[in-house]
Every structure is written in C-alpha cells, then in structure tokens.
Amino acid sequence: MNAIAARLPALVGGSADLDPSTRTALKGQGDFNLAAAAGDDLQGSDCAGWGRAGRNLHFGVREHAMAAMVNGLAAHGGFIPYGATFLVFSDYLRPSLRLAALMGLHVVHVFSHDSLAVGEDGPTHQPVEHLASLRAIPGLLLIRPADANETAVAWRVAVETRDRPVLLVLSRQALPTLDRTRYAAAEGLRRGAYVLADPPAGPPELILLASGSEVTLILAAAERLAARGIAVRCVSMPSWELFEALPQAERDAVLPPTVKARLAVELGVRQGWERYVGAQGDMLGVQRFGASAPAAVVLREYGFSVDNVCVHAETVLARCRARSTPS
C-alpha cells in the first residue's frame, strides 16, 4: 500500500478504528483531521476548523458508515478510496458494499483477520461463512492472497480494476513468503487460479487447491504425499471471479477434467467449492463456528494439519481409483 501511495496520490482511506491491527495507514501522508488547511477560509461556516490535508481517514468504529463514505468518494471521482476492518465485520457494511457492487464503484476493502486463526478473540471474531457470502454478491472481485508476493500483485489488480469493488482478504498471522524460484510466479494471481507446483515427472493424479494461508498447508501436504509416490499438483486459487473470467480452455489447463481426484482446503464453509472439486472430489472446510483458543490449537482441533490434509487427499484418491477400475 505504501509503495503504491507514494506514486498514486488518489489513494485515500483508512480503517474502522482498527489500524493497529489492519496496518492500513499510509505512512507520512498525514491525517484528515480538525486542523485547518493552509488557505482555508471557513470562518462563520458550519465547517470552520475542518481541514482537508492528509490522506488517512479515521472513520471510527462504524463499518457501514465507512463503506458509505468510500462509496461517496468513488462516486465523486478523483479518488481510489479504501476502507479496512476484520473480515467478520464485513457483515456490518454489507448494505454499502452491495450498493458499491450495484453501482460499479472503484473502491477497495481490506478485510484482515480472515479465519479461525484469530485465536483467542473467539468465535465472534472468527469468520466462517463470510468468504462464501461475499463471493455470492454479484459484481464483486474477491482476492485472498497466499503470501506477500501475491498480495503485491493483488494490490496492482485492485488499482487497475475500475468497474467494480475489490475485496482483499488477508490473514492475521504471519505467513511465509513462497520461494518463487521453486514455485510459479505470483503474477499467476491475475488469472484467479494457477499451478504453483506440479509433479517432477508425468501428469498429476491428485490436485490440491487452496487460497490464502492454507496454500502453505497444501504445499507441505504435497511434499509428504509425493514421498509416498503420489503425483500431486498444487493450485493457488486466490480469486474465483478472475478464474471464471478465463476461457474454458485456460481453466481446464489448471484443473484438467481428466483429473477427478481433487481436494480443496479453505478455512471457511464448503459452499461453492463443489464446482471446482467435482462430484468425486472433496473439500476440507469449516461447518461450525470457531472457538476461543490459541490459533495453532484451533487449527489443529479443526483438522487443518498436514496429517489431516494427507488423510483426506488419500481418501479422495483411493475413491477415484476405485471408480476408474473396471469391474
């Protein structure tokens, strides 16, 4: 954000009183506040004392109003406005977000703290159904990056996408930066889904799909499965909308119709993933609310471990092999 802001004065925004957590302040760009801007002559008006200097907006704890204000900035023109809050609080701003999609406004929303890994904050702050519910709104572009490089590309996409709102869904926890000399380039994010890693020889017999923080989990599981002689393809799928915009042939190149053994892994409800895993595939997700415990404990208890991913993957593969064997 700060690299972009230094070169793009139109980028203006802030958070719903959560900057210490969302980390979305524009450094060195000042605050829109009560200090009068040089040259302002507001004496005697209702606006006396208000200034217009500064690109950081302090919206207060009012997500719906924040989203309404960024809509207004976008509708006015001359700005690329953004708002930021936790993913679970997208519920509070949904009416304004829906209007942004309906109007085709160029706004950016940064939704952090995107999973059960919020940990001790408990189930009230842990989103479960939110990814599915936001993907269901027409006219939105939702991007859930897997690491720092994907996030940088996602911001470029957000700035370039002028005809609809863009939602950047980010983790709370620190994530490793993937070694792009070993895995495919992060520019693949622009396609919505791309092959991160393939078997060293021959076609894949199993495809693991994930978005966000779970991508590192499927990569670790793929290494273990490969050691057991299973040919695994890993697919990072940060944006369903970008992927669906590709021609069918390009989508089939990522998810070959001949490979029926597929497992999607995401810290959210299963809804929607069936279109990508197919009738013979499966999805490791969350079908209940979260819990209050350290993040590592919650993830382990909910089955988001390398061991459990491998168990699910091998079950799917065995089932597909059995169905393909002539009786």
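Helices α3 and α4 of this predicted model are roughly parallel to each other, because their axes cross at roughly 20° and angles under 35 degrees count as roughly parallel. Helix α3 covers residues 63-76, and its axis comes within 7 Å of that of α4, while the sense in which α3 passes α4 is that of a left-handed crossing.

From this pair of helices one can follow α4, which spans residues 94-103, to Met 103, a residue that has its place in this helix. With a relative accessibility of 48%, Met 103 counts as partly exposed, and together with Leu 99 and Leu 102 the residue makes a nonpolar surface patch of about 330 Å².

Side chains of opposite charge can pair when their charged atoms come close. A search of the whole structure finds 18 salt bridges, and one of them joins Arg 233 to Asp 198, with 2.7 Å between the closest N and O atoms. Arg 233 is buried, at a relative accessible area of 8%, whereas Asp 198, at 38% relative accessibility, counts as partly exposed.

Another salt bridge is formed by Glu 187 and Arg 190, whose closest N and O atoms are 2.8 Å apart. Here Glu 187 is partly exposed, with a relative accessible area of 40%, and Arg 190 is likewise partly exposed, with a value of 32%.

In a further salt bridge, Glu 244 meets Arg 251, and the closest N and O atoms of the two are 3.3 Å apart. Glu 244 is partly exposed, with a relative accessible area of 31%, but Arg 251 counts as buried, at 17% relative accessibility. Elsewhere, salt bridges that share partners join Asp 114, Arg 135, Arg 144, Glu 214 and Glu 266 into one network.

Technical notes
Residues are numbered from 1 along each chain as its sequence is written. This is a predicted model: local features need pLDDT of at least 70, side-chain atom pairs count only at pLDDT 80 or more; totals for chains, interfaces and linings use all residues. Side-chain values use heavy atoms; hydrogens and water are left out. Patches are made of residues with over 30% relative accessible area and no salt bridge: like charges are joined within 9 Å, nonpolar side chains (Val, Leu, Ile, Met, Phe, Trp, Tyr) within 5 Å. Accessible areas come from the Shrake-Rupley method with a 1.4 Å probe; for residues, only the protein chains shown count as cover. A salt bridge is a side-chain nitrogen of Lys or Arg within 4 Å of a carboxyl oxygen of Asp or Glu. Helices (H or I, at least four residues) and strands (E, at least two) are DSSP runs, numbered from the N terminus. Buried means under 20% relative accessible area, exposed over 50%, partly exposed in between (1.4 Å probe, protein chains only). Axes are lines fitted to C-alpha atoms, for helices over the stretch in contact, and angles run from 0 to 180 degrees between N-to-C directions. Angles under 35 degrees count as roughly parallel, over 145 as roughly antiparallel, 65 to 115 as roughly perpendicular and the rest as oblique. A crossing is left-handed if the near helix is turned anticlockwise from the far one by less than a right angle, and right-handed if clockwise.
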